[in-house]
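Hi,

Here is the structure I promised to pass on. Have a look through it first, and then read my notes below.

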Amino acid sequence: MKLLFKNANVFPITSKPFKGDVLVKDSKIYKIGESIKKDKDTEVIDLEGKYLIPGFIDAHSHIGLWEEGVNEPVSSDGNEWTDPVTADVKAIDGFNPEDDAIDRALSGGVTTVMIVPGSANPIGGQGAIIKFKSKIVNEMIVKEPAGLKMAFGENPKRVYGDQKKTPSTRLGVASVIRSYFTRVQDYMKKKEIAQKDGRPFTERDLKLEAGEKVLKGEIPARIHAHRYDDILTATRIAEEFGFRFVIEHGTEGYKIADYLKEKGIPVVVGPLMTFRTKRELKDMTMDSIKILNEKGVLTALMCDHPVIPLEYASIQAASALRYGAKEEDLLKMLTINPARILGISDRVGSIEEGKDADLVIWSGHPFDARSKVEGVYIEGKLCSGG
């Protein structure tokens, strides 16, 4: 069975918008064009006056970990804050696919997220990329693990300072991370020696196995850092150990945008429509979106759900228009840019032939606060609305 969306205002993202059609076949975008003929086995959906947009992607989310109606921190599953190094924990093991926020996220056009542990620990655990296409976690996974969450700055300082233990300073946070990756290097060397000697390796350590994936380049570090000095520290450590990374939040990244561009460091910026709850947020500004894009930094926009509920992803983006950000850049920050940062742009993030049919029908432009989502399709199947 084929599905033909006709007469839509199509926003492919990687090419110019046009009035026309999108044909879906076997979960994929099969053809796009101004006028596509209907076959006898094709269901037609007339979208005259409607907008067809790729499913939004949030590259940093705690949805399903901090559930709606659950009192944090007693009952949430986002932070294992009993040890500064919890590289072995996995976000999918705390994720609840029945979190009410998921249906609301779909109502805001969000189809794909990367779920990550919180930022209590310098080494916080493994994240996963998921689609909201099922209520079975294993069926939702696009990639797992997809990154190792790390954190600099005030969060780990506060958590362990309150416990009167290391790390209680920025010095301590950096030391914990360096010590961890030094142990990972030693662990990898032991493995290598065992392999050369032709004997089994019997000292497996799940915490160090996660770090090995980072040092081998199999997954990136996903580094929580607000202040630009923390971003610089994170960069130093990453260069010392030779691993790739993404900056999460990057509140002061606009202050060093040229540096980020030169180093090729991507940023998942946000949330920016929120109260300045701590000192490291004092210089937060919506202007950062315009600056980072104008400097050519690969930038995505996060809600940091539940800080901003995912259903308001388009509202946060639209708010940046009044600060001079471009509509084209903002749409990319919700679609193709996070897809590129997550390494899944071959599948999602734009309306192109061969990609997954993750498509959202909007009543109007998604940056118009009056617009509503009227249908969400993930891999060609209706998941919400319709």
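Leaving aside neighbours within four places in sequence, which residues is Thr-233 in contact with? They are Phe-152 and Ala-174. Before going further, a reminder that this is a predicted model.

Thr-233 belongs to helix α6, which covers residues 228-241. With a relative accessible area of 14%, Thr-233 falls under the 20% cut-off, so it counts as buried.

After α6 comes Gly-242, with a positive phi near 75°.

Next, the aromatics. The count comes to 7 aromatic pairs. In one of them, Phe-181 and Phe-241 have ring centres 5.7 Å apart and planes at 40°, so the pair is tilted. Phe-181 sits in helix α4 (residues 170-197) and Phe-241 in α6, so this pair ties together parts that are 60 residues apart in sequence. Both Phe-181 and Phe-241 are buried, and together with Tyr-180 and Phe-243 they form one aromatic cluster. Elsewhere, Lys-25 has its charged end over the ring of Tyr-30, 5.0 Å from the ring centre.

On to the charges: there are 35 salt bridges in the structure.

- Glu-240 with Arg-178, where the closest N and O atoms are 2.8 Å apart. This pair links α6 (Glu-240) to α4 (Arg-178), 62 residues apart. Glu-240 is partly exposed at 45% relative accessible area, and Arg-178 is partly exposed at 28%.
- Glu-212 with Lys-191, at 2.8 Å from N to O. Here the link runs between α5 (Glu-212) and α4 (Lys-191), 21 residues apart. Glu-212 is buried, with a relative accessible area of 6%, whereas Lys-191 counts as partly exposed at 21%.
- Glu-68 with Arg-104, also a side-chain salt bridge, at 2.8 Å from N to O. Glu-68 lies in the loop between β6 (56-61) and α1 (100-107), and Arg-104 lies in α1, so the pair ties together parts that are 36 residues apart in sequence. Relative accessibility is 32% for Glu-68, which counts as partly exposed, and 36% for Arg-104, which is partly exposed too.

There is also a network: salt bridges with shared partners join Lys-28, Lys-131, Lys-133, Arg-347, Asp-356, Asp-358 and Glu-379.

Last, have a look at strand β14 (residues 359-362). Both of its faces are covered, with Leu-359 and Ile-361 buried on one side and Val-360 and Trp-362 buried on the other. Strand β5 (residues 51-54) runs antiparallel to β14 and is joined to it by 4 bridges; Ile-53 has Val-360 as its bridge partner. β14 also pairs with strand β15 (residues 373-378), again in the antiparallel sense and over 4 bridges. There, Ile-361 has Gly-375 as its bridge partner.

Cheers

Methods:
Residues are numbered from 1 along each chain as its sequence is written. This is a predicted model: local features need pLDDT of at least 70, side-chain atom pairs count only at pLDDT 80 or more; totals for chains, interfaces and linings use all residues. Side-chain values use heavy atoms; hydrogens and water are left out. Helices (H or I, at least four residues) and strands (E, at least two) are DSSP runs, numbered from the N terminus. Buried means under 20% relative accessible area, exposed over 50%, partly exposed in between (1.4 Å probe, protein chains only). Contact means heavy atoms within 4.5 Å. Two strands pair if DSSP finds at least two bridges between them. Rings of Phe, Tyr and Trp (its six-membered ring) pair if their centres lie within 6.5 Å; planes under 30 degrees apart count as stacked, over 60 as edge-to-face and the rest as tilted. A charge sits over a ring if NZ of Lys or CZ of Arg is within 6 Å of the ring centre and within 35 degrees of the ring normal. A salt bridge is a side-chain nitrogen of Lys or Arg within 4 Å of a carboxyl oxygen of Asp or Glu.
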